[in-house]
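Thank you all for coming, and please have the sequence and the model open while I talk.

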Amino acid sequence: MADLPSITNNPDIRFLGKLLGDVIRAYGGEALYARTESIRAASVERHRGADAGDTADLGLDQLDLDETLDFVRGFMLFSMLANLAEDRQGIAAEQGADLASALERLAGEGIDRPRAIALLQHALVAPVLTAHPTEVRRKSMIDHRNRIAALMQLRDGGATDTPDGDDIEEAILRQIALLWQTRVLRRERLYVTDEVETALSYLRDVFLPALPALYQRWDRALGGRTPGFLKPGSWIGGDRDGNPFVTADSLRAALAKASEAVLGYYLEGVHALGAELSISTNLAPADAAVAALADASGDTSESRSDEPYRRALSGIYARLVATHQALTGKPAPRLGPLKGERYADPQAFRADLVVIARALAAGGDGALSSGGALGRLIRAVETFGFHLATLDLRQNSAVLERVVAELLKVAGVEDDYLALTESQRVSLLRHELSNARPLGSAFAAYSDETQSELAILRAAATAHATYGTACIVQHIVSMAQSVSDLLELNVLLKEVGLYRPHGDTPDAAIMAVPLFETIGDLEAAPDIMTEWFALPEVRSVTAKRGYQEVMIGYSDSNKDGGYLTSTWSLSKASTALRGVFAEAGVGMQLFHGRGGAVGRGGGSAFAAIRAQPFGTVQGRIRITEQGEVIAGKYGTRESAMTNLEAMASATLLASLEPEPLSAADTRRFAAAMDQLSTSAFEAYRGLVYGTEGFRTFFREMTPIAEISGLKIGSRPASRTKSDRIEDLRAIPWVFSWAQARVMLPGWYGVGQALDSFADKGLLREMAQGWPFFAATLANMEQVIAKSDMGIAARYAALVEDRALADAIFPRIAGGWRQAHDGLLAVTGQSRLLEAHPALETSIRLRLPYIEPLNRLQIELIKRRRAGDADERIGEGILLSINAIATALRNSG
C-alpha cells in the first residue's frame, strides 16, 4: 500500500495508506506485506484496464487462512482511512450547500432575507438518529478513526507536535497500529443500552459543540440572531417496533443518560465562564440584575467580593448541580461549595444566563456581547434543553390494536374489538376518547404485551414531568393503514394522562404520527389523513399544535415495489398530502424514513430535500440518520457542521424557491413517470415475487444467512420466523444484495422502464429540467457504478440448483445492462459518473480494494456451506462482510 492508485490526487489517502503499509510490515511481517501489496497491485492493474479479464489471477490462492484474515483486515482498514481522507477533503460536500449560498440564491430569485427569517421562525429541521443495524464497525474502531481525524487536523494547521508533546506523524502511526491490533468483530450481540451509548457519544461529543457554533455562523450570514430551527432527535431506546428488547427500563435509561450528558456539558460551560468572567466592580460598574444574582448565590467569598459575574455564576453552578442530582439521581461530576435550588426547567436556567449576557452587552462598546462561549451556551440550552435530543416512540399498529382490544375486553366495553369494522372501531374509540374514564385497572390481569406497552407509556408520562414535554413529542405508528390505528394510540395515551379529553378541546401531549410504508399504504395515505382531519377532536388538537406530522418510509416501499415505483410513490403521496393538509388548514411536517443505501432512500440529503415536490417541505422536515451514515456524516464536528448546514440550506431553498416546472410540464412529466413506474413495478414484482424459486436463489446467492452473525443490532432481522421475502426486514435485504455487488433494490426495473418508454427525448428533457428525476437518476447512477455483474456472477455460482441460477441471474444481468445503458442515454454521458468527477474518482479508488474481498468471501462461503467447521472460516466471512460494507460506505 506504499504506492496508491494514480486515480486519486488526495494527499491524505497517500499519506495514510503509506502509514498503514508500514504498520502491516511492522506487525504482520514482510511476507504478509509483500503478498498484500502484490494482490493490491494486481487488482489495481486489472481495474486500470491493463488486465481486464474477469479471470485475472490476483494471487488470492496463495493466502492461507490466517493470512486471509490479516489481508481482509488490511483492506478494510485502508477503506476506513480512505473514507476519512475523503471526508476531510470534502468529497461529500456539495456546491452551494451552505446557508450563505442559499440566501444568495434566494436573493437572486427576489426572495429577501426577512422572508427567509420569517420562515425560520416556525421551521424545524431534525436529523433523527436511529439504531437500524447497518453500522458494521465496533465503537472502538470508530474512536480510533476519530482520533486520527483530530491529529490530521492538527497536522493541517502546521503543527508538528500534539498538545501533549508527541510527534504528530508518530501519533497518527500509533493510532493506525492500534487499529491493526483492535478486534474488528463483536463477540456478543448489541443490546439497547449499547446502542444508546453509541448514539449518545455523537450527541454529546459532536452535536453539543457543533450546533451552537453553526448557529453563530448563521447569525453572521443572516445579520441577526437565527431562530432556533435545527434540533436533533433519536429513536434509540424508544423504537420498539419489532424489537422486544426496548422496554420501559430502556426508555428511562436512554432519557436519563441523555440528561446526564447535557447537564454535564452545561456544568463544564458554566465552570469555564466563571474562570473567564473576572470583571471587577473596581473597574466596571455592576449591573443591578447581575448583582442580584450574585447576592442570591450565597457566595460570600472575600476573594470574589468585587467580582459579581463570578459570584452569580457560582450560584448558577450550584443550581445546576442540584438539577443534575434531581434529574439523573447522581451527583454532578464536580461539586461546588454552594448549595442551590434546582432549576424547574431549561427556560429558568437560560433566563439567568441571559441576565449575564445582557449586562455584558450593555458595557463599553459591546465588545463582550458578540456571542463567545456565553452565547454558545445560551444557544445550547435553547437547542438541547435538559433532554439533549427529542426521543421518538414507535410501535407497530398491530401491537397497539391488540393492546386496545385486550383493554376493552377486560373492561367489559367490547368483547371482540378485532371483529369490528373500521367505522365501528372509530365510533367506539372516539367515544372512549370523549371521557376521562381509564380502561385499565390495577386489579385486572393483562398479557405481557399489554403490560409492557402501558409501562412504556407511563415512563413517557413521567419523562414529561421530569425533563419537560420536549423530551418526547412524537409516537410513530408503523404500518398505519386506517384512522383507527391512530385513535388506538390516543386511547393508550389517555390511559397515562398524555391525552386529556377536555370536552371539545382535547389535549394531546404526544402526537400520533402515521408511518406509511408500502406502496399500497402510500397510495391510501391521502384518504386516511382526510378522514383523520375530519374528526373535530383531531382538528382541535392540530390547531393548538399548528402542524401534523406524517412519516413516509423508503425501505419497505422499495422492497415492496422496487426503486423507481417507491421513489415516485413517495413523491406522489407527498404531493397529494399537501392538498389534504391545505384543505384542512393544517401545517404539514413530513418525516422521511431514509437509510444509507439508495435502495432505502439514501443518497445526497441536500439533493433529496431540494427534489421534494413543490410545496411539501414548508420549512419543516425530519429525516432518519442510521448506521454507517451517522459515523460518516457526524463522526467529527466539522463533518457534522457541513452536513447539518446542507440539510438546513436545502430546506430553506425547497421551502422558498418558486416552482421549477410549469403546470404543463408538471402534467407531462407526471404522466411519463406514471408510465415508467408501472413498467418498473411490473418488472420488479415479476422477478422478486413472481419468479418461482427466487427466494431460494436470493438466500443462496447472497450472504444473507452469514450476515446474521455480525451482531450489529439489537433487533431481529425478520419480523417473523418465516423465510419469505415479505417478512424480511428491508435492511438485511438491501445489505445482502450490496455484499454480492448486485445492489438490486437500487436499480432493478428501471432499465426495462427506460427501454420501453417510446419518447426518449422527453426523458432527456426530464433529466435536464426536473430536480426530482435528476436526483432519482443520480442516486441510481451511484449504485450501478458500485455494482459489478462479473463479481455478481461468481456469487450466483453459490446457488446449488444450477438450472435455477441459470434462469434467474441472466434476467438480473440483463436488467442491469438495460439500466446502465438507459441511464447513459437519458443523461447524455459517455460513461457512468462522467458529470461527477470527484465521486467517480472516489468509487474508482475503492473498487480494486473491494473485488479481492468479494472473491475471498465467496471462497470462504463455499467452504462453510460445504461443512468446513474451522472457526477461522466463519471469522473470515464476517470480516469480509465488514470490510466490503466499509468500502462501499452506504451499503445498508
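This is a predicted model: local features need pLDDT of at least 70, side-chain atom pairs count only at pLDDT 80 or more; totals for chains, interfaces and linings use all residues.

Let me begin with helix α4, residues 99–108, and helix α24, residues 637–656, whose axes come within 8 Å and cross at roughly 15°. Since angles under 35 degrees count as roughly parallel, that makes α4 roughly parallel to α24, and the crossing of the two is right-handed. On the α4 side the residues that meet the partner are Leu99, Ala102, Leu103, Arg105 and Leu106, while α24 brings Glu645, Ser649, Leu652, Leu653 and Leu656. Sorted by class, this contact has seven nonpolar residues, one polar residue and two charged ones.

The second pair is helix α10, residues 288–296, with helix α11, residues 308–328, and here the axes lie 7 Å apart and the packing angle is about 55°. That makes α10 oblique to α11, and α10 passes α11 in a left-handed crossing. Val290, Leu293, Ala294 and Asp295 of α10 make the contact with Pro308, Tyr309, Arg311 and Ala312 of α11, and by class we find six nonpolar and two charged residues there, with no polar ones.

Finally, let us turn to the second largest pocket, which holds about 820 Å³ of space. How many residues line this pocket? There are 44, and those nearest its centre are Lys231, His387, Thr390, Ala470 and Val473. Among the elements that each supply at least two lining residues are the strands β1 and β11 and the helix α16. By class, the lining has 22 nonpolar, 14 polar and eight charged residues.

Methods:
Residues are numbered from 1 along each chain as its sequence is written. Side-chain values use heavy atoms; hydrogens and water are left out. Axes are lines fitted to C-alpha atoms, for helices over the stretch in contact, and angles run from 0 to 180 degrees between N-to-C directions. Helices (H or I, at least four residues) and strands (E, at least two) are DSSP runs, numbered from the N terminus. Angles under 35 degrees count as roughly parallel, over 145 as roughly antiparallel, 65 to 115 as roughly perpendicular and the rest as oblique. A crossing is left-handed if the near helix is turned anticlockwise from the far one by less than a right angle, and right-handed if clockwise. Contact means heavy atoms within 4.5 Å. Ala, Val, Leu, Ile, Met, Phe, Trp, Tyr, Cys and Pro count as nonpolar, Asp, Glu, Lys and Arg as charged, and the others, Gly among them, as polar. On a 1 Å grid over the protein atoms alone, a cavity is a set of points where a 1.4 Å probe fits but cannot get out, and a pocket is an open set with protein on both sides within 12 Å along at least five of seven lines; lining residues have an atom within 4 Å of a point. Grid points are joined across faces, edges and corners, and a volume is the space filled by probe spheres set on the points.
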